[in-house]
Amino acid sequence: MEKEIGKLLIEKKLTIACAESCTGGLLTSKLTDVAGSSAYVEGAVVSYSNEIKNKILHVKEETLKNFGAVSEQTAREMAVNVRQLMNTNIGVSITGIAGPGGGTAEKPVGTVYIGVSGSNGEKIQLFQFSGTRTEIKEKSAESALKMIKDYLTIKN
């Protein structure tokens, strides 16, 4: 899927940037596994802490306080803001709880929000994954790839 996305980005003359939390850069790694990806991948921010989400990605303190780092609102701000920060056509965000700890009754392990931001607006999706930490990270990155592909084929 990474190659298909790369082909679409090149054809459409679009660039992309990622803001990743629970995946630790896995999505960006997948995108850059494709030869020639420097033509469309501008960069990424791995923002594990709320401080980095706020200071680098400009996620509002109020958003983090009121909704938490793992929320639709945070995913939206991460996607929009990384797009602006890197001056790209598309911004993608992933924020979630990969486990095995850190989950709550309201947001159990495997809760992941993925956002895609572009000129046609934002799409934010909630996922509930199961499995090990590594499996949740992999499922998150793969789901983000699918969302990017869908965004490129449906919205642009």
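In what order do the five strands of the open sheet run? The order is S2-S1-S3-S4-S5, and the pairing is mixed.

This is a predicted model, where local features need pLDDT of at least 70, side-chain atom pairs count only at pLDDT 80 or more, and totals for chains, interfaces and linings use all residues. Residues are numbered from 1 along each chain as its sequence is written, and side-chain values use heavy atoms, leaving out hydrogens and water.

**View 1. The edges of the sheet.** Strands here are DSSP runs of E with at least two residues, numbered from the N terminus, and two of them pair if DSSP finds at least two bridges between them. S2 (41–46) and S5 (121–128) each have a single partner strand, so one side of each goes without a neighbour in the sheet.

**View 2. Where S4 meets S5.** S4 (residues 111–118) pairs with S5 in the antiparallel sense, over eight bridges. Look for glycine 118, which sits opposite glycine 121 in S5.

**View 3. Helix H5 on the sheet.** H5 covers residues 72–86 and packs on the sheet, touching S1 (16–20), S2, S3 (90–96), S4 and S5. Contact means heavy atoms within 4.5 Å. Helices are DSSP runs of H or I with at least four residues.

**View 4. Two cysteines, no bond.** You'll find zero disulfides here; that would take a pair of cysteine sulfur atoms within 2.5 Å. The sulfur of cysteine 18 is 13 Å from the closest cysteine sulfur, in cysteine 22, so that's too far for a bond. Cysteine 18 is buried at 1% relative accessible area, and cysteine 22 is buried too, at 3%. Buried means under 20% relative accessible area, with a 1.4 Å probe and protein chains only.

Methods:
Axes fitted to C-alpha atoms, helices over the stretch in contact; angles between N-to-C directions. Buried < 20%, exposed > 50% of the residue type's maximum accessible area, 1.4 Å probe, protein only.
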